[in-house]
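Work through the exercises below with the sequence and the coordinates open. Each task is followed by a solution in steps.

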Amino acid sequence: WNFTLRANAGQAHRPPSFAVLYVQQGTLAPNPQLRPERALSGDAALEWKHARASAQVGGFYGLYEDLISYEYYPPMYARPYNFQAAMVAGFEAEAALTPWDFLSLSGTYTFLSTQNLKDDERYYLKELPYRPRHKVTGRLEAGPRWLRAHGEVLFQSEQGINRSGVVQLPARSLVAVGATARPFERPDVRLSLEVKNLLDVQGQDLDGYPLPPRAAYLTLAVAWDS
């Protein structure tokens with residue numbers, strides 16, 4: 001049995017980039033009035049490891065001053081703004097299991113809570129935009145060393161796109177499947193085929209910027225020093 005406890009605390013300072021200050025990027029408008037972002041944050045995690053399994057759970061908390069975040073109000077441009085004060089907190093859990101050499105499973109879950117702490121009273125304690133509350137991932141991999149197949153699932157809950165929370169991007173689940181053949185190990189030759197967004201889900205992370213549709217990728221990799 002192997003347990004590890006980790007903890008961190010820090011202070012961050014992030015000035016706005018030249019692009020978000022002055023450059024028009026498609027429908028993303030600049031904002032030359034942006035102020036630098038500051039943050040105080042901390043996190044802690046407990047990890048357990050075994051020969052064929054591992055698990056980790058941790059929490060995090062952060063207080064932000066002048067948080068830089070995009071907002072979108074259709075049909076206007078999306079534009080970055082400063083949130084005078086904001087809180088971001090949550091926890092993450094992940095686990096991995098390899099019961100046999102030919103089978104492995106892994107998954108993660110993230111819960112995120114955000115609040116607008118100092119602003120117009122209409123938005124006080126509302127969630128910050130573009131930060132989904134729940135994220136879940138899962139991966140299954142099976143097969144002998146020379147031919148491994150895998151499947152992945154990514155779920156993300158709905159998320160608001162402005163501080164009022166009136167406009168929401170819907171929740172989505174993306175599925176990917178693939179396989180990797182390894183006919184030689186010296187040199188290391190791998191031929192992979194992967195289909196992403198298998199169910200052809202129509203989604204977007206920013207209104208007006210749709211995610212890629214179903215797509216297949218064929219990859220050949222050769223390494224002489226494996």
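Buried means under 20% relative accessible area, exposed means over 50%, and partly exposed covers the range in between. The model is a predicted one.

**Exercise 1. Overall description**

Task: State how many helices and strands the chain has, what its C-alpha trace spans, and what percentage of its residues is buried.

Solution. 
- Step 1. The secondary structure consists of 14 strands and 1 helix.
- Step 2. The C-alpha trace spans about 60 × 45 × 30 Å along its principal axes.
- Step 3. Of the 226 residues in the chain, 28% are buried.
- Step 4. For contacts between residues at least 6 apart in sequence, 56% join residues at least 24 apart.

**Exercise 2. Charges and a salt bridge between distant parts**

Task: Count the charged side chains and the salt bridges, then describe the pair formed by Arg 35 and Asp 66.

Solution. 
- Step 1. There are 23 positive and 23 negative side chains, and the centres of the two sets are 2 Å apart.
- Step 2. With a cut-off of 4 Å between a side-chain nitrogen of Lys or Arg and a carboxyl oxygen of Asp or Glu, the chain has 13 salt bridges.
- Step 3. In the salt bridge between Arg 35 and Asp 66, the closest N and O atoms are 2.7 Å apart.
- Step 4. Arg 35 sits in the loop between helix H1 (18-22) and strand S2 (37-49), whereas Asp 66 belongs to strand S3 (residues 53-72); the pair, 31 residues apart, links distant parts of the chain.
- Step 5. Asp 66 has a relative accessible area of 9%, so Asp 66 is buried. Arg 35, at 38%, is partly exposed.

**Exercise 3. A network around Arg 139**

Task: Find the salt bridges that Arg 139 forms with Glu 141 and Glu 152, and name the network they belong to.

Solution. 
- Step 1. Arg 139 pairs with Glu 141, with closest N and O atoms 3.2 Å apart.
- Step 2. Arg 139 also pairs with Glu 152, where the corresponding distance is 2.2 Å.
- Step 3. Because Glu 152 lies in strand S7 (residues 147-156) and Arg 139 in strand S6 (residues 134-142), this pair ties together parts 13 residues apart in sequence.
- Step 4. Through shared partners, salt bridges join Arg 139, Glu 141, Arg 148 and Glu 152 into one network.
- Step 5. Both Arg 139, at 27% relative accessible area, and Glu 152, at 29%, are partly exposed.

**Exercise 4. Ser 157**

Task: Is Ser 157 buried or exposed, and which backbone nitrogens does its side chain reach?

Solution. 
- Step 1. Ser 157 is in the loop between S7 and strand S8 (159-160).
- Step 2. Its relative accessibility is 9%, so Ser 157 counts as buried.
- Step 3. The side chain of Ser 157 reaches the backbone nitrogen of His 134 at 2.9 Å and that of Arg 133 at 3.2 Å.
- Step 4. Beyond neighbours within four places in sequence, Ser 157 contacts Pro 132, Arg 133, His 134 and Ala 171.

**Exercise 5. Glu 92**

Solution. 
- Step 1. With a relative accessible area of 42%, Glu 92 is partly exposed.
- Step 2. Glu 92 and Phe 111 are 19 residues apart in sequence, and their C-alpha atoms are 6.5 Å apart in space.

Terms used. Residues numbered from 1 in each chain as written. Predicted model: local features only at pLDDT ≥ 70, side-chain atom pairs only at ≥ 80, totals over all residues. Heavy atoms only, no water. Helix = DSSP H or I, 4+ residues; strand = E, 2+ residues; numbered from the N terminus. Buried < 20%, exposed > 50% of the residue type's maximum accessible area, 1.4 Å probe, protein only. Contact = heavy atoms within 4.5 Å. Lys, Arg positive; Asp, Glu negative; His and termini not counted. Charge placed at Lys NZ, Arg CZ, Asp CG, Glu CD. Polar contact = N/O pair within 3.5 Å; in protein donor to acceptor, adjacent residues only side chain to side chain.
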